[in-house]
Amino acid sequence: MGPQGQNPELIEFYASAAPGTEEAVRDELSELGFRSVRLNRGGVPFFGDWPEGWRACLQCRTAQRIMAVLGRFPAAGPEALYEAVRAVDWTCCLSPRHTLAVSAFVQSSAITHSGFAALRVKDAIVDQLRDRCGQRPDVARDEPDVRVFLYLNQDRATLYLDLSGEALFRRGYRLGAGEAPLKETLAAAILRLSGWDREQGLVDPMCGSGTFPIEAALWAGNVAPGLFRERFGFERWASFDATAAATLASLRGELRASAHGQHPGITAMDIDEAVLEVARRNARQAGLRLRFRQAAIRDLRPDGGPPRLLVVNPPYGERLEADPRLYQEMGTALSRLSGWRLAVLAGSPLIERAMPLRPSRRHALRNGDLPCELLLYDLA
Ligand SMILES: C[S@@+](CC[C@H](N)C(=O)[O-])C[C@H]1O[C@@H](n2cnc3c(N)ncnc32)[C@H](O)[C@@H]1O
């Protein structure tokens with residue numbers, strides 16, 4: 001399981017990334033000191049021991065999930081898949097008292113149906129447990145103790161064990177949301193892709209429930225996002241005993257001690273006082289003091305202070321209508337911010353058309369199901 005030439009005891013982990021955020025996840029994991037971090041389409045492999053996987057769950061802001069690779073094998077048909085899965089030792093995470101969920105992604109393989117592939121994996125796991133323990137674990141679609149994911153491509157299978165439990169965007173500080181909140185993991189990736197140095201001030205003039213300002217302040221203050229979570233998936237595994245719990249508690253303690261909580265001026269604005277109140281409550285829950293101001297974007301003016309980063313997620317798409325007049329007002333207001341960097345998450349081509357100049361960089365992303373672009377501008 002270890003990378004070639006390294007300690008074979010090391011576990012291969014995989015940090016899954018929303019489309020277009022892979023580089024942000026790779027850079028973050030490298031900065032956090034994880035080993036053999038690589039870039040793949042869809043995610044970022046890295047290596048470590050189990051506590052390093054737990055640390056990734058606690059510290060990583062940008063990944064959707066952290067998973068461990070349990071095995072890779074050929075699976076030219078249902079029987080080969082079943083036998084290979086049954087050969088893995090599942091008592092590391094499961095007992096008959098635990099619940100299990102299996103999902104699968106299948107492509108260009110003899111097995112063509114992902115639901116069927118998941119069923120064969122589940123059968124192999126529960127049959128092994130019944131043989132070894134006399135009883136089998138139950139399947140639970142919602143909140144299982146153990147989540148297994150199969151990736152089957154060209155008859156080659158990779159089996160993943162999910163450490164995260166609930167997806168990592170569920171930080172634990174969000175008390176409420178506006179109409180179309182960004183996932184916290186996507187917001188954190190966008191802040192990285194924008195090139196923010198964490199020293200310059202930051203303004204979000206359409207903050208909604210406050211996702212960008214809160215994620216920015218937590219990052220600048222070195223507050224690990226997982227500290228708000230009560231529990232991760234790995235804490236429910238059969239192997240997670242008192243020694244493991246003590247190791248995790250000391251890891252949490254170290255991360256708490258290294259959080260300094262300092263951040264540059266961060267201003268969160270929105271036209272809607274009700275959603276601003278939601279943002280205030282979310283920020284308080286995250287232990288943050290930010291500046292909040294109710295204002296329409298057309299009234300945004302430079303205040304004479306040093307240039308800052310403006311990051312904005314204007315309304316567009318399914319839940320919020322694209323509004324060309326609003327985009328024109330936004331383009332006019334943003335063109336006044338000489339020397340600022342702008343990071344605009346654009347889900348409609350009308351947004352780019354309303355901007356006063358051409359972007360210096362762009363990143364293709366997806367906000368849930370919606371394709372969108374992050375447009376970066378450096379104003380002279
Ligand atoms: C897509 S939502 C932002 C969601 C936010 N990023 C979050 O994670 O919750 C767009 C926000 O723009 C605000 N908005 C709409 N028109 C505005 C205007 N003219 N000036 C300022 N804010 C406006 C809406 O109230 C809404 O909260």
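In what order do the 7 strands of the open sheet lie? The order is S2-S1-S3-S7-S6-S4-S5, with mixed pairing. The model is a predicted one. The points below cover the sheet, the helices on it and the nonpolar core.

**Sheet**
- Strand S2 (43-48) and strand S5 (138-139) are the edge strands, and each of them pairs on one side only.
- Strands S6 (residues 146-153) and S7 (residues 156-162) are antiparallel partners, joined over 6 bridges.
- Within this pair, Asn-153 stands opposite Arg-156 in S7.

**Helices on the sheet**
- Helix H1 (residues 22-31) lies across strand S1 (11-16) and S2, and its direction is at about 20° to S2.
- Helix H2 (residues 50-59) also packs on the sheet, where it touches S1, S2 and strand S3 (65-74). The direction of H2 makes about 10° with that of S1.

**Burial of H1**
- The buried residues in H1 are Glu-22, Ala-24, Val-25, Arg-26, Glu-28 and Leu-29.
- Their cover includes S1, S2 and helix H5 (184-193).

**Nonpolar core**
- The largest nonpolar core contains 113 residues. Ala-15, Val-121, Leu-150 and Ile-190 have the most contacts inside this core.
- Domain 1 (11-162) and domain 2 (184-223 + 260-378) each supply at least three residues to this core.
- Apart from neighbours within four places in sequence, Ile-190 is in contact with Val-311, Ala-343, Leu-345 and Leu-374.

Technical notes: Residues are numbered from 1 along each chain as its sequence is written. This is a predicted model: local features need pLDDT of at least 70, side-chain atom pairs count only at pLDDT 80 or more; totals for chains, interfaces and linings use all residues. Two strands pair if DSSP finds at least two bridges between them. Helices (H or I, at least four residues) and strands (E, at least two) are DSSP runs, numbered from the N terminus. Two residues are in contact if their C-beta atoms, placed from the backbone, lie within 7 Å. Axes are lines fitted to C-alpha atoms, for helices over the stretch in contact, and angles run from 0 to 180 degrees between N-to-C directions. A nonpolar core is a set of buried Ala, Val, Leu, Ile, Met, Phe, Trp, Tyr and Cys residues joined through C-beta atoms within 7 Å. A residue is buried if 20 or more other C-beta atoms lie within 10 Å of its own, exposed if 12 or fewer, and partly exposed in between; C-beta atoms are placed from the backbone. Domain bounds come from an automatic or database domain assignment.
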